[in-house]
Amino acid sequence: MKNFYSNIYSFNTKVLKKTTKYLNQGNLVAIPTETVYGLAGNAYSQKAVKNIFKIKKRPKKNPLIIHYRNISDAKKDVVFNKNFYKLYKIFCPGPLTFILRQNKKSKISPFATSSLKTVAIRFPKNRIVRSILKSINFPLAMPSANLSSSVSPVSALDVFEELKKKIDIIIDGGSAKIGIESTVIDLTGKPRILRPGFITFNDLNRLFKLDLSNNKSKIKSPGMLKKHYSPGIPVILNKKPKYSDQAYIVFGKKFRNNKNYFNLSKKANLKEAAANLYKTMRKIKKKGYKKIFVTKIPNKGLGLAINDRLKRASK
Ligand code: TXA
Ligand code: MG
(Lines give C-alpha, C1' and ligand atoms only; values in the text may rest on other atoms or scores of the structure.)
(Ligands and ions follow the chains in the order given, each with its own letter.)
Protein backbone atom coordinates (compact mmCIF):
# COMPACT_ATOMS: atom_id res chain seq x y z
CA MET A 1 0.00 0.00 0.00
CA LYS A 2 2.42 2.57 -1.27
CA ASN A 3 0.05 5.51 -1.27
CA PHE A 4 -1.60 4.88 2.05
CA TYR A 5 -0.34 8.15 3.52
CA SER A 6 -0.52 10.01 0.21
CA ASN A 7 -1.92 13.15 1.88
CA ILE A 8 1.16 13.57 4.13
CA TYR A 9 3.77 15.94 2.66
CA SER A 10 7.24 17.07 3.66
CA PHE A 11 7.55 20.84 3.58
CA ASN A 12 9.23 22.52 0.60
CA THR A 13 8.49 25.40 -1.76
CA LYS A 14 6.32 23.26 -4.01
CA VAL A 15 4.20 22.12 -1.06
CA LEU A 16 4.02 25.69 0.27
CA LYS A 17 2.56 26.74 -3.08
CA LYS A 18 0.02 23.90 -3.07
CA THR A 19 -0.89 24.73 0.53
CA THR A 20 -1.50 28.43 -0.12
CA LYS A 21 -3.56 27.53 -3.19
CA TYR A 22 -5.75 25.29 -1.04
CA LEU A 23 -6.14 27.92 1.66
CA ASN A 24 -6.94 30.63 -0.91
CA GLN A 25 -9.74 28.44 -2.22
CA GLY A 26 -11.26 28.09 1.25
CA ASN A 27 -10.01 24.54 1.73
CA LEU A 28 -8.35 23.14 4.85
CA VAL A 29 -4.86 21.86 5.57
CA ALA A 30 -3.27 20.31 8.66
CA ILE A 31 -0.03 21.94 9.70
CA PRO A 32 2.50 21.73 12.52
CA THR A 33 2.81 24.40 15.18
CA GLU A 34 5.22 24.43 18.13
CA THR A 35 2.43 23.30 20.49
CA VAL A 36 0.31 20.73 18.62
CA TYR A 37 -0.74 20.17 14.99
CA GLY A 38 -3.59 22.37 13.80
CA LEU A 39 -6.41 22.09 11.26
CA ALA A 40 -6.13 25.40 9.41
CA GLY A 41 -8.48 27.41 7.22
CA ASN A 42 -9.06 31.03 6.17
CA ALA A 43 -10.57 32.73 9.24
CA TYR A 44 -12.40 35.21 6.96
CA SER A 45 -14.08 32.47 4.93
CA GLN A 46 -17.39 31.09 6.15
CA LYS A 47 -16.92 28.01 3.99
CA ALA A 48 -13.52 27.21 5.51
CA VAL A 49 -14.56 27.85 9.10
CA LYS A 50 -17.78 25.85 8.83
CA ASN A 51 -15.82 22.98 7.39
CA ILE A 52 -13.40 23.00 10.36
CA PHE A 53 -16.33 22.43 12.72
CA LYS A 54 -17.76 19.75 10.46
CA ILE A 55 -14.56 17.75 10.04
CA LYS A 56 -13.72 17.90 13.77
CA LYS A 57 -17.35 17.26 14.81
CA ARG A 58 -16.78 20.26 17.04
CA PRO A 59 -19.71 21.83 18.94
CA LYS A 60 -20.60 25.14 17.29
CA LYS A 61 -20.36 26.88 20.67
CA ASN A 62 -16.63 26.22 20.98
CA PRO A 63 -14.81 29.11 19.25
CA LEU A 64 -11.52 28.81 17.37
CA ILE A 65 -8.14 30.46 17.87
CA ILE A 66 -7.17 32.84 15.05
CA HIS A 67 -3.46 32.76 14.12
CA TYR A 68 -1.54 35.77 12.77
CA ARG A 69 1.92 36.47 11.43
CA ASN A 70 2.22 39.87 13.10
CA ILE A 71 0.60 42.55 15.23
CA SER A 72 -0.43 44.83 12.39
CA ASP A 73 -2.53 42.11 10.79
CA ALA A 74 -4.14 41.19 14.11
CA LYS A 75 -4.97 44.84 14.75
CA LYS A 76 -7.56 44.69 11.97
CA ASP A 77 -9.58 42.17 13.98
CA VAL A 78 -9.07 42.90 17.68
CA VAL A 79 -8.59 45.79 20.09
CA PHE A 80 -5.23 45.74 21.86
CA ASN A 81 -4.57 46.96 25.38
CA LYS A 82 -1.57 47.55 27.68
CA ASN A 83 -1.55 44.04 29.09
CA PHE A 84 -1.51 42.62 25.59
CA TYR A 85 1.54 44.63 24.51
CA LYS A 86 3.36 43.69 27.69
CA LEU A 87 2.82 39.97 27.14
CA TYR A 88 3.39 40.14 23.39
CA LYS A 89 6.86 41.59 23.90
CA ILE A 90 7.87 38.78 26.22
CA PHE A 91 6.20 35.70 24.80
CA CYS A 92 5.46 36.22 21.10
CA PRO A 93 5.71 34.56 18.75
CA GLY A 94 4.96 31.60 20.97
CA PRO A 95 2.50 29.41 22.86
CA LEU A 96 0.25 32.09 24.35
CA THR A 97 -3.32 32.81 23.21
CA PHE A 98 -4.97 36.13 24.04
CA ILE A 99 -8.69 36.76 24.42
CA LEU A 100 -9.38 40.32 23.28
CA ARG A 101 -12.37 42.36 22.22
CA GLN A 102 -13.23 42.08 18.56
CA ASN A 103 -12.64 45.10 16.36
CA LYS A 104 -15.91 46.36 14.83
CA LYS A 105 -14.33 46.22 11.38
CA SER A 106 -13.12 42.66 11.82
CA LYS A 107 -13.73 40.30 8.92
CA ILE A 108 -13.49 37.10 10.98
CA SER A 109 -16.33 34.71 10.22
CA PRO A 110 -18.79 34.79 13.13
CA PHE A 111 -18.77 31.00 13.02
CA ALA A 112 -15.11 31.08 14.14
CA THR A 113 -15.89 33.10 17.26
CA SER A 114 -19.20 31.33 17.96
CA SER A 115 -20.66 34.84 17.60
CA LEU A 116 -18.90 36.08 20.76
CA LYS A 117 -17.73 39.70 20.93
CA THR A 118 -14.25 38.48 21.81
CA VAL A 119 -11.57 36.72 19.75
CA ALA A 120 -8.80 34.31 20.71
CA ILE A 121 -5.60 35.22 18.86
CA ARG A 122 -2.16 33.63 18.73
CA PHE A 123 1.16 34.28 16.99
CA PRO A 124 2.68 30.84 16.43
CA LYS A 125 6.44 30.38 16.37
CA ASN A 126 6.92 27.24 14.32
CA ARG A 127 8.87 27.91 11.09
CA ILE A 128 6.40 26.11 8.79
CA VAL A 129 3.21 27.79 10.03
CA ARG A 130 5.02 31.13 9.91
CA SER A 131 6.05 30.73 6.30
CA ILE A 132 2.50 29.74 5.41
CA LEU A 133 1.09 32.81 7.21
CA LYS A 134 3.57 35.00 5.33
CA SER A 135 2.37 33.63 2.00
CA ILE A 136 -1.34 34.34 2.45
CA ASN A 137 -3.25 37.54 3.16
CA PHE A 138 -5.68 36.36 5.81
CA PRO A 139 -5.29 34.84 9.29
CA LEU A 140 -5.77 31.15 9.98
CA ALA A 141 -8.55 29.76 12.14
CA MET A 142 -6.86 26.73 13.60
CA PRO A 143 -7.98 24.33 16.32
CA SER A 144 -5.96 21.26 17.15
CA ALA A 145 -6.21 18.76 14.28
CA ASN A 146 -8.07 16.04 16.17
CA LEU A 147 -11.67 14.94 16.34
CA SER A 148 -13.49 16.88 19.03
CA SER A 149 -12.84 15.58 22.58
CA SER A 150 -9.93 13.40 21.45
CA VAL A 151 -6.21 13.82 22.20
CA SER A 152 -4.38 16.59 20.28
CA PRO A 153 -2.00 15.36 17.56
CA VAL A 154 1.72 16.00 17.94
CA SER A 155 2.87 14.48 14.64
CA ALA A 156 1.65 14.18 11.04
CA LEU A 157 0.85 10.51 11.63
CA ASP A 158 -1.26 11.44 14.67
CA VAL A 159 -3.24 13.80 12.43
CA PHE A 160 -3.70 11.04 9.88
CA GLU A 161 -4.95 8.72 12.62
CA GLU A 162 -7.56 11.34 13.56
CA LEU A 163 -8.68 12.72 10.21
CA LYS A 164 -7.56 10.07 7.70
CA LYS A 165 -8.21 11.43 4.18
CA LYS A 166 -10.86 13.97 5.15
CA ILE A 167 -8.27 16.60 4.26
CA ASP A 168 -5.94 16.59 1.26
CA ILE A 169 -2.81 18.04 2.83
CA ILE A 170 -1.13 17.14 6.10
CA ILE A 171 2.27 18.79 6.39
CA ASP A 172 4.88 16.76 8.24
CA GLY A 173 6.99 18.98 10.46
CA GLY A 174 8.22 16.27 12.81
CA SER A 175 7.25 15.99 16.47
CA ALA A 176 5.68 19.14 17.90
CA LYS A 177 8.38 20.64 20.10
CA ILE A 178 6.16 21.60 23.04
CA GLY A 179 3.51 18.89 22.72
CA ILE A 180 0.80 20.60 24.80
CA GLU A 181 -1.55 23.44 23.82
CA SER A 182 -0.97 27.16 24.27
CA THR A 183 -2.01 28.91 27.47
CA VAL A 184 -5.23 30.89 26.97
CA ILE A 185 -5.36 34.19 28.85
CA ASP A 186 -8.39 36.47 28.94
CA LEU A 187 -7.29 40.12 28.70
CA THR A 188 -10.73 41.69 28.37
CA GLY A 189 -10.72 42.50 32.10
CA LYS A 190 -8.35 41.65 34.92
CA PRO A 191 -6.02 39.06 33.30
CA ARG A 192 -7.29 35.54 33.87
CA ILE A 193 -6.02 32.17 32.70
CA LEU A 194 -8.78 30.23 30.94
CA ARG A 195 -6.67 27.27 29.88
CA PRO A 196 -3.36 26.36 31.53
CA GLY A 197 -0.68 25.62 28.97
CA PHE A 198 3.01 25.84 28.23
CA ILE A 199 3.37 29.40 29.57
CA THR A 200 2.81 28.81 33.27
CA PHE A 201 0.80 30.57 35.95
CA ASN A 202 4.05 31.74 37.56
CA ASP A 203 5.42 33.08 34.25
CA LEU A 204 2.34 35.30 34.01
CA ASN A 205 1.64 36.06 37.66
CA ARG A 206 4.99 37.72 38.19
CA LEU A 207 4.13 40.27 35.49
CA PHE A 208 0.78 41.24 36.98
CA LYS A 209 -1.62 39.82 39.52
CA LEU A 210 -3.90 37.37 37.81
CA ASP A 211 -7.59 37.15 38.52
CA LEU A 212 -8.03 33.88 40.41
CA SER A 213 -11.79 34.03 40.76
CA ASN A 214 -13.68 31.23 39.14
CA ASN A 215 -16.79 33.24 38.56
CA LYS A 216 -19.17 30.99 36.63
CA SER A 217 -21.20 33.94 35.39
CA LYS A 218 -18.25 35.17 33.34
CA ILE A 219 -17.58 33.53 29.99
CA LYS A 220 -15.05 30.81 30.35
CA SER A 221 -13.27 29.05 27.55
CA PRO A 222 -16.30 27.20 26.24
CA GLY A 223 -14.13 24.29 25.18
CA MET A 224 -12.91 23.77 28.70
CA LEU A 225 -16.23 22.74 30.15
CA LYS A 226 -16.61 19.27 28.76
CA LYS A 227 -14.81 16.00 28.62
CA HIS A 228 -11.72 16.50 26.52
CA TYR A 229 -8.37 15.03 25.58
CA SER A 230 -9.76 11.52 25.86
CA PRO A 231 -7.55 8.71 24.53
CA GLY A 232 -10.67 6.55 24.07
CA ILE A 233 -9.99 4.22 27.04
CA PRO A 234 -10.57 4.86 30.77
CA VAL A 235 -7.94 6.97 32.52
CA ILE A 236 -7.61 6.56 36.30
CA LEU A 237 -5.57 9.14 38.20
CA ASN A 238 -3.26 8.78 41.21
CA LYS A 239 -3.53 5.01 41.26
CA LYS A 240 -1.31 2.07 40.48
CA PRO A 241 -2.58 -0.71 38.19
CA LYS A 242 -3.17 -4.17 39.65
CA TYR A 243 -2.52 -6.16 36.50
CA SER A 244 0.21 -6.12 33.87
CA ASP A 245 -2.30 -5.69 31.03
CA GLN A 246 -3.12 -2.24 32.38
CA ALA A 247 -0.86 0.65 31.40
CA TYR A 248 0.79 2.86 34.00
CA ILE A 249 1.92 6.40 33.15
CA VAL A 250 4.73 7.30 35.53
CA PHE A 251 7.08 10.21 36.15
CA GLY A 252 10.56 10.28 37.70
CA LYS A 253 13.35 7.83 38.30
CA LYS A 254 11.90 5.76 41.12
CA PHE A 255 9.82 3.66 38.73
CA ARG A 256 10.99 0.36 37.28
CA ASN A 257 11.16 -0.35 33.55
CA ASN A 258 8.17 -2.71 33.55
CA LYS A 259 6.68 -3.42 30.13
CA ASN A 260 3.40 -1.73 31.02
CA TYR A 261 5.11 1.32 32.58
CA PHE A 262 5.37 4.44 30.40
CA ASN A 263 7.64 7.09 31.86
CA LEU A 264 6.85 10.68 30.82
CA SER A 265 10.26 11.78 32.08
CA LYS A 266 12.80 9.69 33.96
CA LYS A 267 14.59 12.93 34.84
CA ALA A 268 11.35 14.25 36.38
CA ASN A 269 11.46 17.14 33.91
CA LEU A 270 8.01 18.67 33.36
CA LYS A 271 8.82 20.03 29.88
CA GLU A 272 9.84 16.59 28.74
CA ALA A 273 6.73 15.13 30.37
CA ALA A 274 4.44 17.61 28.58
CA ALA A 275 6.06 16.79 25.24
CA ASN A 276 5.52 13.07 25.88
CA LEU A 277 1.99 13.20 27.30
CA TYR A 278 -0.24 12.91 24.21
CA LYS A 279 2.30 10.74 22.39
CA THR A 280 2.26 8.31 25.30
CA MET A 281 -1.53 8.16 25.54
CA ARG A 282 -1.75 7.34 21.83
CA LYS A 283 0.98 4.71 22.09
CA ILE A 284 -0.77 2.98 24.99
CA LYS A 285 -4.07 2.87 23.14
CA LYS A 286 -2.38 1.45 20.03
CA LYS A 287 -0.69 -1.29 22.03
CA GLY A 288 -4.15 -2.53 22.99
CA TYR A 289 -4.23 -1.66 26.69
CA LYS A 290 -7.77 -1.27 27.97
CA LYS A 291 -7.08 1.11 30.86
CA ILE A 292 -4.55 3.76 31.77
CA PHE A 293 -3.49 4.43 35.35
CA VAL A 294 -1.49 7.55 36.10
CA THR A 295 0.85 8.32 38.96
CA LYS A 296 0.72 11.68 40.72
CA ILE A 297 2.45 14.44 38.72
CA PRO A 298 3.74 17.51 40.66
CA ASN A 299 1.04 20.18 40.49
CA LYS A 300 3.30 23.17 39.91
CA GLY A 301 4.73 25.00 36.91
CA LEU A 302 3.98 23.11 33.71
CA GLY A 303 2.55 20.33 35.90
CA LEU A 304 -0.64 22.40 36.20
CA ALA A 305 -1.28 22.09 32.46
CA ILE A 306 -0.38 18.39 32.43
CA ASN A 307 -2.73 17.68 35.33
CA ASP A 308 -5.49 19.75 33.72
CA ARG A 309 -5.32 17.57 30.59
CA LEU A 310 -5.12 14.34 32.61
CA LYS A 311 -8.11 15.33 34.69
CA ARG A 312 -10.17 16.01 31.58
CA ALA A 313 -8.97 12.79 29.98
CA SER A 314 -10.22 10.93 33.05
CA LYS A 315 -13.75 12.37 32.89
O1 TXA B 1 -1.74 25.49 21.00
C2 TXA B 1 -2.87 25.78 20.58
O3 TXA B 1 -3.54 26.70 21.08
C4 TXA B 1 -3.41 24.96 19.39
C5 TXA B 1 -2.58 25.29 18.15
C6 TXA B 1 -3.07 24.57 16.92
O7 TXA B 1 -2.53 26.67 17.95
N8 TXA B 1 -4.80 25.25 19.18
C9 TXA B 1 -5.78 24.85 20.02
O10 TXA B 1 -7.05 25.17 19.60
O11 TXA B 1 -5.55 24.25 21.07
P12 TXA B 1 -8.37 24.50 20.21
O13 TXA B 1 -9.45 24.88 19.30
O14 TXA B 1 -8.13 23.05 20.40
O15 TXA B 1 -8.57 25.23 21.58
C16 TXA B 1 -8.98 26.59 21.61
C17 TXA B 1 -9.45 27.00 22.97
C18 TXA B 1 -10.77 26.37 23.33
O19 TXA B 1 -10.76 25.96 24.69
C20 TXA B 1 -11.76 27.51 23.10
O21 TXA B 1 -12.91 27.39 23.86
C22 TXA B 1 -10.93 28.71 23.51
O23 TXA B 1 -9.63 28.42 23.00
N24 TXA B 1 -11.44 29.97 22.91
C25 TXA B 1 -11.46 30.34 21.62
N26 TXA B 1 -12.02 31.55 21.45
C27 TXA B 1 -12.39 31.97 22.68
C28 TXA B 1 -13.03 33.15 23.20
N29 TXA B 1 -13.41 34.14 22.40
N30 TXA B 1 -13.22 33.23 24.54
C31 TXA B 1 -12.85 32.24 25.36
N32 TXA B 1 -12.23 31.10 24.94
C33 TXA B 1 -12.02 30.97 23.63
MG1 MG C 1 -8.27 21.12 20.87
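**Ligand shell and strand pairing in a predicted model**

A nitrogen atom of ligand 1 is placed 3.0 Å from a side-chain N or O atom of Thr118. This is a polar contact, defined as a pair of N or O atoms within 3.5 Å; within protein, one must be able to donate a hydrogen and the other to accept it, and residues adjacent in sequence count only if both atoms are side-chain atoms. The model is predicted: local features need pLDDT of at least 70, side-chain atom pairs count only at pLDDT 80 or more, and totals for chains, interfaces and linings use all residues. Residues are numbered from 1 along each chain as its sequence is written, chains are lettered from A and ligands numbered from 1 in written order, and side-chain values use heavy atoms, without hydrogens and water.

Oxygen atoms of ligand 1 are also contacted. A polar side-chain atom of His67 lies 2.7 Å from one oxygen atom of the ligand. For a polar side-chain atom of Arg58, the distance to a ligand oxygen is 2.9 Å. On its own, ligand 1 has 690 Å² of accessible area, of which the protein covers 97% (Shrake-Rupley method, 1.4 Å probe; for residues, only the protein chains shown count as cover).

The shell holds 25 residues, with Thr35, Arg58, Asn62, His67 and Ser182 the closest (a heavy atom within 4 Å). Twelve are nonpolar, nine polar and four charged (nonpolar: Ala, Val, Leu, Ile, Met, Phe, Trp, Tyr, Cys and Pro; charged: Asp, Glu, Lys and Arg; polar: the others, Gly among them). Strand β7 gives the largest share, three residues. Helices (H or I, at least four residues) and strands (E, at least two) are DSSP runs, numbered from the N terminus.

Strand β6 (residues 96–102) is largely enclosed by the rest of the structure, because five of its seven residues are buried (under 20% relative accessible area; exposed is over 50%, partly exposed in between; 1.4 Å probe, protein chains only). Strands pair if DSSP finds at least two bridges between them. β6 and β7 are antiparallel, with five bridges; Leu100 faces Val119 in β7. Four bridges link β6 in parallel to β10 (residues 183–186), where Asp186 stands opposite Ile99. β5 (residues 78–79) joins β6 through two antiparallel bridges.

Backbone geometry has some exceptions. Most residues other than glycine have a negative phi, and most peptide bonds are trans. The bond between Cys92 and Pro93 is cis, with omega about -5°. Pro93 sits in the loop between α4 (82–91) and β6. Ser115, not a glycine, has a positive phi of about 60°. Ser115 belongs to the loop between β6 and β7 and is exposed, at 58% relative accessible area.
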